[in-house]
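Subject: Structure for you to look at

Hello,

Here is the structure I said I would pass on. Please open it beside this email and follow along. My notes come after it.

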Amino acid sequence: MVTVTVTAKFHNPSLSRRKEWQHASGLYRDTKQFCIDGWKNGDFDKSVTTASIDNDLYSAIQNQAIREAKSDHNKDGDVRYRESQPFAVNNQNWEIDTTENGTVVVGFPCVSQWWYTPIEVYDDIADPVDRLVEGDAKKTRLQVYRRSDDWFCTFNIEYDADTSGETPIGVDIGERHILAVTAYGDGESMLVSGGEAKYVRRNYRSLRDSLSEAGALRARNRVGNKEQRRITDLNHKLSRRLIAFAEQFENPVIRMEDLEGIRENSSWSGVHSWHFHQLQQFITYKAERAGIRVEKVDAYHTSQRCSACGSMGTRDGDHFSCSECGRGRHADLNASENIAQREGEPCTA
(Lines give C-alpha, C1' and ligand atoms only; values in the text may rest on other atoms or scores of the structure.)
Protein backbone atom coordinates (compact mmCIF):
# COMPACT_ATOMS: atom_id res chain seq x y z
CA MET A 1 0.00 0.00 0.00
CA VAL A 2 1.35 3.43 -1.01
CA THR A 3 0.33 6.53 0.95
CA VAL A 4 0.90 9.94 -0.61
CA THR A 5 0.17 13.22 1.17
CA VAL A 6 -1.28 15.80 -1.20
CA THR A 7 -1.29 19.50 -0.39
CA ALA A 8 -2.85 21.62 -3.12
CA LYS A 9 -3.62 25.30 -3.50
CA PHE A 10 -7.13 26.31 -4.50
CA HIS A 11 -7.10 28.19 -7.79
CA ASN A 12 -8.57 31.70 -7.49
CA PRO A 13 -11.48 31.01 -5.13
CA SER A 14 -14.13 33.74 -5.16
CA LEU A 15 -14.48 36.27 -2.36
CA SER A 16 -17.72 34.65 -1.18
CA ARG A 17 -16.01 31.26 -0.93
CA ARG A 18 -13.08 32.64 1.01
CA LYS A 19 -15.38 34.46 3.43
CA GLU A 20 -17.43 31.33 4.06
CA TRP A 21 -14.34 29.17 4.50
CA GLN A 22 -12.96 31.68 7.02
CA HIS A 23 -16.30 31.62 8.85
CA ALA A 24 -16.25 27.82 8.85
CA SER A 25 -12.74 27.80 10.33
CA GLY A 26 -13.96 29.87 13.26
CA LEU A 27 -17.05 27.72 13.79
CA TYR A 28 -14.92 24.57 13.62
CA ARG A 29 -12.61 25.90 16.29
CA ASP A 30 -15.59 26.95 18.46
CA THR A 31 -17.17 23.50 18.09
CA LYS A 32 -14.04 21.74 19.29
CA GLN A 33 -13.56 24.18 22.17
CA PHE A 34 -17.23 23.80 23.15
CA CYS A 35 -16.72 20.04 23.47
CA ILE A 36 -13.45 20.37 25.41
CA ASP A 37 -14.95 22.88 27.84
CA GLY A 38 -18.13 20.83 28.24
CA TRP A 39 -16.19 17.69 29.16
CA LYS A 40 -13.98 19.67 31.53
CA ASN A 41 -16.96 21.25 33.30
CA GLY A 42 -19.05 18.08 33.32
CA ASP A 43 -21.80 19.63 31.19
CA PHE A 44 -22.14 16.43 29.14
CA ASP A 45 -20.37 13.12 28.63
CA LYS A 46 -18.31 11.85 25.70
CA SER A 47 -21.47 10.75 23.86
CA VAL A 48 -22.13 14.35 22.75
CA THR A 49 -23.69 14.56 19.25
CA THR A 50 -24.36 17.24 16.68
CA ALA A 51 -27.72 17.87 18.37
CA SER A 52 -25.75 19.70 21.07
CA ILE A 53 -23.89 21.90 18.55
CA ASP A 54 -25.60 25.22 17.87
CA ASN A 55 -24.01 26.52 14.67
CA ASP A 56 -24.57 26.35 10.90
CA LEU A 57 -21.78 23.97 9.94
CA TYR A 58 -22.82 20.92 7.95
CA SER A 59 -23.34 17.97 10.29
CA ALA A 60 -20.48 16.05 8.62
CA ILE A 61 -18.08 18.83 9.64
CA GLN A 62 -19.56 19.05 13.14
CA ASN A 63 -19.06 15.30 13.56
CA GLN A 64 -15.45 15.57 12.46
CA ALA A 65 -14.87 18.41 14.95
CA ILE A 66 -16.32 16.27 17.76
CA ARG A 67 -14.06 13.34 16.80
CA GLU A 68 -10.96 15.54 16.79
CA ALA A 69 -11.89 17.13 20.12
CA LYS A 70 -12.30 13.67 21.68
CA SER A 71 -8.89 12.62 20.44
CA ASP A 72 -7.24 15.82 21.70
CA HIS A 73 -8.98 15.59 25.08
CA ASN A 74 -7.93 11.96 25.56
CA LYS A 75 -4.31 12.82 24.85
CA ASP A 76 -3.88 16.23 26.44
CA GLY A 77 -6.78 16.82 28.85
CA ASP A 78 -7.25 20.60 29.08
CA VAL A 79 -6.91 22.04 25.56
CA ARG A 80 -7.12 25.61 24.27
CA TYR A 81 -7.34 25.91 20.50
CA ARG A 82 -5.73 28.80 18.67
CA GLU A 83 -7.93 31.05 16.56
CA SER A 84 -6.56 29.83 13.22
CA GLN A 85 -7.91 26.31 12.74
CA PRO A 86 -8.19 24.19 9.61
CA PHE A 87 -11.63 22.66 9.24
CA ALA A 88 -11.97 19.06 8.17
CA VAL A 89 -14.38 16.69 6.43
CA ASN A 90 -14.21 12.90 6.71
CA ASN A 91 -13.34 10.84 3.64
CA GLN A 92 -16.97 9.98 2.82
CA ASN A 93 -18.19 13.57 2.67
CA TRP A 94 -15.97 15.24 0.10
CA GLU A 95 -15.38 14.62 -3.60
CA ILE A 96 -12.74 15.06 -6.27
CA ASP A 97 -13.47 15.13 -9.98
CA THR A 98 -12.47 16.70 -13.28
CA THR A 99 -14.33 19.12 -15.51
CA GLU A 100 -14.72 18.70 -19.27
CA ASN A 101 -11.52 20.66 -19.87
CA GLY A 102 -9.55 18.44 -17.46
CA THR A 103 -9.46 20.80 -14.48
CA VAL A 104 -9.36 18.96 -11.15
CA VAL A 105 -11.97 20.22 -8.68
CA VAL A 106 -12.51 19.41 -5.01
CA GLY A 107 -16.01 19.56 -3.56
CA PHE A 108 -16.99 19.67 0.11
CA PRO A 109 -19.80 20.96 2.34
CA CYS A 110 -19.30 24.04 4.44
CA VAL A 111 -21.96 26.40 5.86
CA SER A 112 -24.42 27.48 3.18
CA GLN A 113 -23.71 24.85 0.52
CA TRP A 114 -21.23 22.46 -1.12
CA TRP A 115 -18.37 24.25 -2.86
CA TYR A 116 -16.60 22.84 -5.93
CA THR A 117 -13.32 24.63 -6.50
CA PRO A 118 -10.36 23.96 -8.84
CA ILE A 119 -7.02 23.00 -7.30
CA GLU A 120 -3.54 23.45 -8.75
CA VAL A 121 -2.08 20.01 -9.53
CA TYR A 122 1.71 20.16 -9.87
CA ASP A 123 3.70 17.34 -11.46
CA ASP A 124 4.70 15.59 -8.21
CA ILE A 125 1.09 14.86 -7.24
CA ALA A 126 -0.41 14.39 -10.71
CA ASP A 127 -0.15 10.58 -10.77
CA PRO A 128 -1.78 9.86 -7.37
CA VAL A 129 -4.47 12.48 -8.03
CA ASP A 130 -5.22 10.81 -11.40
CA ARG A 131 -5.51 7.45 -9.62
CA LEU A 132 -7.97 8.93 -7.15
CA VAL A 133 -10.10 10.59 -9.84
CA GLU A 134 -10.19 7.33 -11.82
CA GLY A 135 -11.32 5.37 -8.76
CA ASP A 136 -8.09 3.40 -8.42
CA ALA A 137 -7.17 4.84 -5.01
CA LYS A 138 -8.71 5.74 -1.66
CA LYS A 139 -8.78 9.11 0.06
CA THR A 140 -8.63 10.14 3.71
CA ARG A 141 -10.17 13.15 5.43
CA LEU A 142 -9.87 16.56 3.80
CA GLN A 143 -8.49 19.57 5.64
CA VAL A 144 -9.02 23.14 4.38
CA TYR A 145 -6.91 26.01 5.71
CA ARG A 146 -5.60 29.48 4.96
CA ARG A 147 -2.00 30.60 4.65
CA SER A 148 -1.59 34.35 4.17
CA ASP A 149 -4.00 35.26 1.35
CA ASP A 150 -4.18 31.76 -0.16
CA TRP A 151 -6.33 28.75 0.64
CA PHE A 152 -5.14 25.15 0.55
CA CYS A 153 -6.47 21.64 1.05
CA THR A 154 -4.58 18.57 2.17
CA PHE A 155 -5.42 14.86 2.21
CA ASN A 156 -3.81 11.44 1.82
CA ILE A 157 -4.20 9.13 -1.18
CA GLU A 158 -3.75 5.40 -0.65
CA TYR A 159 -3.34 2.80 -3.39
CA ASP A 160 -1.79 -0.59 -4.02
CA ALA A 161 1.45 -0.49 -5.96
CA ASP A 162 3.14 -3.04 -8.16
CA THR A 163 6.36 -3.77 -6.28
CA SER A 164 7.92 -5.87 -9.03
CA GLY A 165 10.93 -4.20 -10.55
CA GLU A 166 11.52 -1.95 -7.54
CA THR A 167 14.97 -1.16 -6.20
CA PRO A 168 15.03 -1.27 -2.38
CA ILE A 169 17.25 1.46 -0.92
CA GLY A 170 18.29 0.55 2.64
CA VAL A 171 19.22 3.48 4.88
CA ASP A 172 21.07 3.06 8.18
CA ILE A 173 21.40 6.16 10.38
CA GLY A 174 24.18 6.20 12.96
CA GLU A 175 26.88 8.10 14.81
CA ARG A 176 30.14 7.22 13.02
CA HIS A 177 28.42 7.31 9.64
CA ILE A 178 25.32 9.46 9.67
CA LEU A 179 24.08 7.72 6.50
CA ALA A 180 24.96 4.26 5.24
CA VAL A 181 22.94 3.50 2.11
CA THR A 182 22.71 0.44 -0.14
CA ALA A 183 20.76 -0.08 -3.36
CA TYR A 184 20.00 -3.74 -2.82
CA GLY A 185 20.60 -5.90 -5.89
CA ASP A 186 22.57 -3.21 -7.72
CA GLY A 187 25.74 -3.36 -5.63
CA GLU A 188 25.85 0.42 -5.25
CA SER A 189 26.32 2.01 -1.83
CA MET A 190 27.02 5.35 -0.16
CA LEU A 191 28.65 6.22 3.17
CA VAL A 192 28.44 9.67 4.73
CA SER A 193 30.61 10.42 7.75
CA GLY A 194 28.98 11.69 10.92
CA GLY A 195 32.05 13.79 11.69
CA GLU A 196 30.49 17.14 10.80
CA ALA A 197 27.46 16.55 12.98
CA LYS A 198 29.65 15.46 15.92
CA TYR A 199 31.87 18.53 15.47
CA VAL A 200 28.89 20.90 15.50
CA ARG A 201 27.44 19.27 18.59
CA ARG A 202 30.75 19.14 20.46
CA ASN A 203 31.67 22.73 19.55
CA TYR A 204 28.34 24.22 20.59
CA ARG A 205 28.14 22.11 23.74
CA SER A 206 31.51 23.45 24.85
CA LEU A 207 30.41 27.01 24.07
CA ARG A 208 27.14 26.59 25.98
CA ASP A 209 28.99 25.22 29.02
CA SER A 210 31.37 28.21 29.00
CA LEU A 211 28.51 30.71 28.77
CA SER A 212 26.60 28.93 31.55
CA GLU A 213 29.61 29.17 33.85
CA ALA A 214 29.82 32.88 33.04
CA GLY A 215 26.11 33.36 33.77
CA ALA A 216 25.39 34.57 30.23
CA LEU A 217 22.08 32.76 29.85
CA ARG A 218 20.72 34.91 27.03
CA ALA A 219 23.85 34.35 24.96
CA ARG A 220 23.65 30.63 25.80
CA ASN A 221 20.13 30.46 24.37
CA ARG A 222 21.26 32.22 21.19
CA VAL A 223 24.03 29.63 20.80
CA GLY A 224 21.45 26.86 21.10
CA ASN A 225 19.41 28.44 18.30
CA LYS A 226 22.50 28.65 16.09
CA GLU A 227 23.26 24.98 16.70
CA GLN A 228 19.68 24.07 15.76
CA ARG A 229 19.99 25.99 12.48
CA ARG A 230 23.32 24.30 11.67
CA ILE A 231 21.88 20.84 12.32
CA THR A 232 18.73 21.61 10.33
CA ASP A 233 20.82 22.80 7.38
CA LEU A 234 22.92 19.64 7.61
CA ASN A 235 19.78 17.45 7.64
CA HIS A 236 18.50 19.21 4.53
CA LYS A 237 21.79 18.54 2.74
CA LEU A 238 21.85 14.90 3.83
CA SER A 239 18.27 14.25 2.73
CA ARG A 240 18.86 15.88 -0.67
CA ARG A 241 21.99 13.78 -1.16
CA LEU A 242 20.08 10.60 -0.33
CA ILE A 243 17.24 11.41 -2.75
CA ALA A 244 19.77 12.13 -5.52
CA PHE A 245 21.37 8.73 -4.86
CA ALA A 246 18.00 6.91 -4.93
CA GLU A 247 16.92 8.60 -8.16
CA GLN A 248 19.72 6.84 -10.06
CA PHE A 249 17.84 3.54 -9.84
CA GLU A 250 14.70 2.17 -11.42
CA ASN A 251 11.58 2.42 -9.23
CA PRO A 252 13.41 3.09 -5.94
CA VAL A 253 11.74 2.52 -2.57
CA ILE A 254 13.54 3.92 0.48
CA ARG A 255 13.52 1.79 3.62
CA MET A 256 14.63 3.13 7.01
CA GLU A 257 14.67 1.74 10.51
CA ASP A 258 11.88 2.70 12.87
CA LEU A 259 13.58 5.53 14.74
CA GLU A 260 12.01 4.60 18.06
CA GLY A 261 13.98 1.38 17.83
CA ILE A 262 17.17 3.31 17.18
CA ARG A 263 16.64 5.52 20.23
CA GLU A 264 15.82 2.62 22.55
CA ASN A 265 18.62 0.29 21.48
CA SER A 266 21.48 2.70 20.86
CA SER A 267 24.43 2.80 23.27
CA TRP A 268 25.36 6.28 22.01
CA SER A 269 24.65 8.75 24.82
CA GLY A 270 23.89 11.55 22.35
CA VAL A 271 21.18 9.68 20.47
CA HIS A 272 18.35 11.25 22.42
CA SER A 273 19.40 14.81 21.56
CA TRP A 274 20.28 14.12 17.93
CA HIS A 275 17.66 15.13 15.38
CA PHE A 276 17.06 11.67 13.95
CA HIS A 277 13.35 12.33 13.66
CA GLN A 278 13.93 15.57 11.76
CA LEU A 279 16.29 13.85 9.32
CA GLN A 280 13.71 11.12 8.70
CA GLN A 281 11.02 13.75 8.12
CA PHE A 282 13.20 15.58 5.59
CA ILE A 283 13.99 12.34 3.76
CA THR A 284 10.32 11.35 3.72
CA TYR A 285 8.83 14.55 2.37
CA LYS A 286 11.60 15.05 -0.20
CA ALA A 287 11.13 11.45 -1.34
CA GLU A 288 7.36 11.94 -1.68
CA ARG A 289 7.88 15.04 -3.79
CA ALA A 290 10.22 13.00 -6.00
CA GLY A 291 7.61 10.23 -6.29
CA ILE A 292 9.60 7.75 -4.16
CA ARG A 293 7.85 5.59 -1.57
CA VAL A 294 9.33 5.47 1.94
CA GLU A 295 8.87 2.59 4.38
CA LYS A 296 9.75 2.08 8.04
CA VAL A 297 11.09 -1.37 8.92
CA ASP A 298 11.71 -3.24 12.14
CA ALA A 299 15.11 -2.29 13.56
CA TYR A 300 15.62 -5.60 15.36
CA HIS A 301 19.14 -7.03 14.80
CA THR A 302 19.80 -5.10 11.58
CA SER A 303 23.35 -4.51 12.86
CA GLN A 304 23.94 -8.01 14.21
CA ARG A 305 22.73 -10.24 11.36
CA CYS A 306 24.64 -11.09 8.21
CA SER A 307 22.86 -9.57 5.24
CA ALA A 308 23.97 -12.48 3.04
CA CYS A 309 22.95 -15.55 5.07
CA GLY A 310 20.98 -14.16 8.02
CA SER A 311 23.26 -15.63 10.71
CA MET A 312 24.41 -13.65 13.72
CA GLY A 313 27.82 -12.14 13.09
CA THR A 314 30.49 -10.10 14.84
CA ARG A 315 31.17 -6.38 14.63
CA ASP A 316 34.62 -4.95 15.29
CA GLY A 317 34.52 -1.19 14.78
CA ASP A 318 33.48 -0.61 11.19
CA HIS A 319 33.99 -4.24 10.15
CA PHE A 320 31.30 -6.92 10.22
CA SER A 321 32.22 -10.58 9.78
CA CYS A 322 30.10 -13.72 9.56
CA SER A 323 31.57 -17.03 10.74
CA GLU A 324 28.85 -19.03 8.99
CA CYS A 325 29.35 -17.88 5.40
CA GLY A 326 32.71 -16.15 5.78
CA ARG A 327 31.46 -12.82 4.53
CA GLY A 328 33.16 -9.58 5.54
CA ARG A 329 31.47 -6.20 5.04
CA HIS A 330 31.48 -2.65 6.32
CA ALA A 331 29.27 -2.93 9.41
CA ASP A 332 26.97 -0.01 8.60
CA LEU A 333 26.55 -1.11 4.99
CA ASN A 334 25.72 -4.61 6.20
CA ALA A 335 23.00 -3.03 8.33
CA SER A 336 21.68 -1.02 5.38
CA GLU A 337 21.50 -4.22 3.30
CA ASN A 338 19.45 -5.88 6.03
CA ILE A 339 17.13 -2.87 6.11
CA ALA A 340 16.72 -2.95 2.32
CA GLN A 341 15.61 -6.60 2.46
CA ARG A 342 12.84 -6.00 5.01
CA GLU A 343 9.39 -4.96 3.88
CA GLY A 344 7.90 -2.29 6.08
CA GLU A 345 4.99 0.05 6.56
CA PRO A 346 4.64 3.15 4.37
CA CYS A 347 5.25 6.38 6.26
CA THR A 348 4.54 10.07 5.52
CA ALA A 349 6.13 13.30 6.60
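What share of the 349 residues in the protein chain is buried? Buried residues make up 45% of them. Here buried means under 20% relative accessible area, exposed means over 50%, and partly exposed lies in between (1.4 Å probe, protein chains only).

Two notes on the source. This is a predicted model, in which local features need pLDDT of at least 70 and side-chain atom pairs count only at pLDDT 80 or more, while totals for chains, interfaces and linings use all residues. Residues are numbered from 1 along each chain as its sequence is written, and side-chain values use heavy atoms, with hydrogens and water left out.

**Overall**

The protein chain has eight helices and 17 strands. Helices (H or I, at least four residues) and strands (E, at least two) are DSSP runs, numbered from the N terminus. Of the contacts in the protein chain between residues at least 6 apart in sequence, 66% join residues at least 24 apart; a contact means heavy atoms within 4.5 Å. The accessible surface of the protein chain is about 18100 Å², and 41% of it belongs to carbon and sulfur atoms. Such areas come from the Shrake-Rupley method with a 1.4 Å probe; for residues, only the protein chains shown count as cover.

**Strand E4 and its partners**

In E4, six of its six residues are buried. Val104, Val106 and Phe108 point one way from the strand, and Val105, Gly107 and Pro109 point the other way. Strand E3 (residues 95–98) runs antiparallel to E4 and is joined to it by four bridges; two strands pair if DSSP finds at least two bridges between them. Glu95 has Gly107 in E4 as its bridge partner. The hairpin of E3 and E4 has five residues between the strands, and in it Gly102 takes a positive phi near 90°. E4 also pairs with strand E5 (residues 114–118), in the antiparallel sense, over five bridges. A hairpin of four residues joins E4 to E5, and Phe108 stands opposite Trp115 in E5.

**Aromatic rings**

The structure holds twelve aromatic pairs. Rings of Phe, Tyr and Trp (its six-membered ring) pair if their centres lie within 6.5 Å; planes under 30 degrees apart count as stacked, over 60 as edge-to-face and the rest as tilted. One of the pairs is Trp21 with Phe108, which is tilted, at 5.6 Å centre to centre and 45° between the planes. This pair links distant parts of the chain, with Trp21 in helix H1 and Phe108 in strand E4 (residues 104–109), 87 residues apart. Trp21 counts as buried because its relative accessibility is 0%, and Phe108 counts as buried because its relative accessibility is also 0%. The rings of Trp21 and Trp151 have centres 5.6 Å apart and planes at 70°, so that pair is edge-to-face. Trp151 lies in strand E8 and Trp21 in helix H1, so the pair ties together parts that are 130 residues apart in sequence. Trp151 is buried too, at 3% relative accessibility. Ring pairs link Phe10, Trp21, Phe87, Phe108 and Trp151 into a cluster.

**Two residues with positive phi**

Most residues other than glycine have a negative phi. Asn12 is not a glycine, yet has a positive phi of about 45°. Asn12 sits in the loop between strand E1 (2–9) and helix H1 (15–41), and is exposed at 64% relative accessibility. Ser148, also not a glycine, has a positive phi of about 60°. Its place is the loop between strand E7 (142–147) and strand E8 (150–159), and Ser148 is exposed, with a relative accessible area of 63%.

**The sheet of E14, E15 and E16**

Three strands form an open sheet in the order E14-E15-E16, with antiparallel pairing. Strand E14 (314–316) and strand E16 (328–330) stand at the edges with a single partner strand each, so one side of each has no neighbour in the sheet. E14 and strand E15 (residues 319–321) pair over three bridges, and Thr314 has Ser321 in E15 as its bridge partner.

**Helix H7**

How many of the 14 residues of H7 are buried? Ten are, so to speak, under cover; among them are Phe276, Leu279, Phe282 and Ile283. Just after H7, Gly291 takes a positive phi of about 80°.

Regards
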